[in-house]
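Have the viewer open and follow along.

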Amino acid sequence: MRLDCADTLAAIAALPQPQRRLLELVIAGETSPRAIALATGLPLGTVMSRLARARAKLRLVLAEE
């Protein structure tokens, strides 16, 4: 179990900074893309796109392990 957490954290750390930043907000408890957009000043579409790419990358990387 501990290895799984370490793998997940490493995969998140390897994301491009814009994707990682938004995903870290989700991890911290902010689940609304609209609230994230307001907090960051980014357009809602940008937030949704970056989160989708981050999640897709995490699924791909973690499935390989």
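This is a predicted model: local features need pLDDT of at least 70, side-chain atom pairs count only at pLDDT 80 or more; totals for chains, interfaces and linings use all residues.

In helix 3, the buried residues are Ile36, Ala37 and Thr40. They span an arc of only 100° around the axis, so they end up on the same side of helix 3.

What do the buried residues of helix 3 pack against? Their partners are helix 2 and helix 4.

Zoom in on Thr40, which belongs to helix 3, residues 33–40. Its relative accessible area is 18%, and because buried means under 20%, Thr40 counts as buried. Skipping neighbours within four places in sequence, Thr40 is in contact with Arg21, Leu22, Leu25 and Val47. The Thr40 side chain also reaches the backbone nitrogen of Leu42, at 3.3 Å. For a sense of scale, Thr40 and Asp7 sit 33 residues apart in sequence, and their C-alpha atoms are 27 Å apart in space.

Now for helix 2. Its buried residues are Gln19, Leu22, Leu23 and Val26. These cover an arc of only 100° around the axis as well, which puts them on the same side of helix 2.

|---|---|---|

Next up is the nonpolar core. The largest one has 13 residues, and the members that touch the most other members are Leu15, Leu22, Leu23, Ile36, Val47, Leu51 and Leu58. At least two residues of this core come from each of helix 1 (2–13), helix 2 (17–27), helix 3 and helix 4 (44–64). Which helix gives the most to this core? That's helix 4, with 4 residues.

A few names turn up again here. Leu22 is buried in helix 2 and is a contact of Thr40. Val47, another contact of Thr40, is among the core residues that touch the most other members. Ile36 is on that list too, and it is one of the buried residues of helix 3.

Finally, take a look at Leu58. Not counting residues up to four places away in sequence, Leu58 touches Ala11, Ile12, Leu15 and Leu23. Of these, Leu15 and Leu23 are also among the core residues that touch the most other members.

Technical notes:
Residues are numbered from 1 along each chain as its sequence is written. Side-chain values use heavy atoms; hydrogens and water are left out. Buried means under 20% relative accessible area, exposed over 50%, partly exposed in between (1.4 Å probe, protein chains only). Contact means heavy atoms within 4.5 Å. A polar contact is a pair of N or O atoms within 3.5 Å; within protein, one must be able to donate a hydrogen and the other to accept it, and residues adjacent in sequence count only if both atoms are side-chain atoms. A nonpolar core is a set of buried Ala, Val, Leu, Ile, Met, Phe, Trp, Tyr and Cys residues joined through side-chain atoms within 4.5 Å. The arc is that of the directions from the helix axis to the C-beta atoms.
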